[in-house]
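Let's walk through this protein together, one region at a time.

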Amino acid sequence: MWRTIERYLAGWLLAAACTLSAAQGQPPVAASAAADAGPRLTISAAAHERSWTRAALLADPRLAPVRIDDDNFKRRMTVSAIPMAVLFAGLSISPGATATLVASDGYISHMPMALLIARRPDAPRAYLAVENPAAPWPPLEGHDIGPFRLVWTLPTGAARGAGTPINQSYWTYSIERIEAIASPAERFPAIRPAADMPAHGAVMRGFAVFERACFSCHSLNGAGDSHLGPDLNVPFNPVEYLGDARLARYIRNPQSLRWWPNARMPGIDRATVSDAQLRDLLAYLHHMAGRKIPAPPLPGG
């Protein structure tokens, strides 16, 4: 009985500590050394940083059941989650900032910070889903996707791909860190199209598709946060060695062009990148094929 009472008190103290520190805009504190062990999520904006263990988030009174149309598992599910807007409350976020979400496997997604913390009833709502180790999520294509992932609810009547910006590339899982920082275009000038490109032309539209759908895994001109996949411009751009038709086919279904059971690149469906957006992406890649920079030296080379 005493062990039960001790566990209850430890959990209550942990929740109280997390609530107090969050209210003060400080990182939640652990109630014991044991609570510090295990997975941890860190968020940052400007010079401020907050960090939680999974134990702390599971004990957080703001955690609640959320019903979602899960784009990871392609079915309706209920998850325990906290609104992203709540986690970032009180932090100073620059207008136009980009949310950069870093996953444990090296995947890095980028999205408008304003979208991640939106609270309007007519806008998509982002949540941090927290996996309970006592009831783990099922594996996704053989991979563990816990313990933290980004999930979304849509406004009433809205559907994925029907005028909403939320698509497959925004359902990030195995998250370790979220940063509110400058956009990729600001941080990596080498990925930008020429300055004289029309703002609403195919190349600039394709650049936006590249940032959202490709830059999570690939670099370009050696620049980027993630290097899960090969660079898309040096020494050669894929439009140069595959051509438009084969590259488009590869993007939709990588295994249809080059079968490899251990391949990690998923097919990108039309709800994530429409046919028109795919043509814009090809226009951007053609443009950047003429804007190469020297390939960076390989490690140890």
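In this predicted model, the largest pocket has a volume of about 1600 Å³. Which residues lie nearest its centre? They are C217, R264, M265, P266 and G267, out of 50 residues that line the pocket. Several helices share in this lining: helix 7 (202-214), helix 8 (238-241), helix 9 (243-252), helix 10 (254-257) and helix 11 (275-289) each give two or more residues. Sorted by class, the lining has 27 nonpolar, 15 polar and eight charged residues.

Now follow the chain past helix 11, and you will find R291 in the segment after that helix. Setting aside residues up to four places away in sequence, R291 touches R192, P193, A194, N221 and N233. With R192, the side chain of R291 reaches the backbone oxygen at 3.4 Å.

In soluble globular proteins, nonpolar side chains tend to be buried together. Here the largest nonpolar core has 42 residues, and those with the most contacts inside it are L41, M84, L116, L150, W152 and I178. Strand 7 (residues 125-130) gives the most to this core, with five residues. Another core, apart from this one, has 25 residues, including V203, F207, A223 and I251.

Notes: Residues numbered from 1 in each chain as written. Predicted model: local features only at pLDDT ≥ 70, side-chain atom pairs only at ≥ 80, totals over all residues. Heavy atoms only, no water. 1 Å grid on protein atoms, 1.4 Å probe; cavity = no way out; pocket = protein on both sides within 12 Å on 5 of 7 lines; lining within 4 Å. Points joined across faces, edges and corners; volume = space filled by probe spheres on them. Helix = DSSP H or I, 4+ residues; strand = E, 2+ residues; numbered from the N terminus. Nonpolar A, V, L, I, M, F, W, Y, C, P; charged D, E, K, R; others polar. Contact = heavy atoms within 4.5 Å. Polar contact = N/O pair within 3.5 Å; in protein donor to acceptor, adjacent residues only side chain to side chain. Core = buried A, V, L, I, M, F, W, Y, C linked by side-chain atoms within 4.5 Å. Buried < 20%, exposed > 50% of the residue type's maximum accessible area, 1.4 Å probe, protein only.
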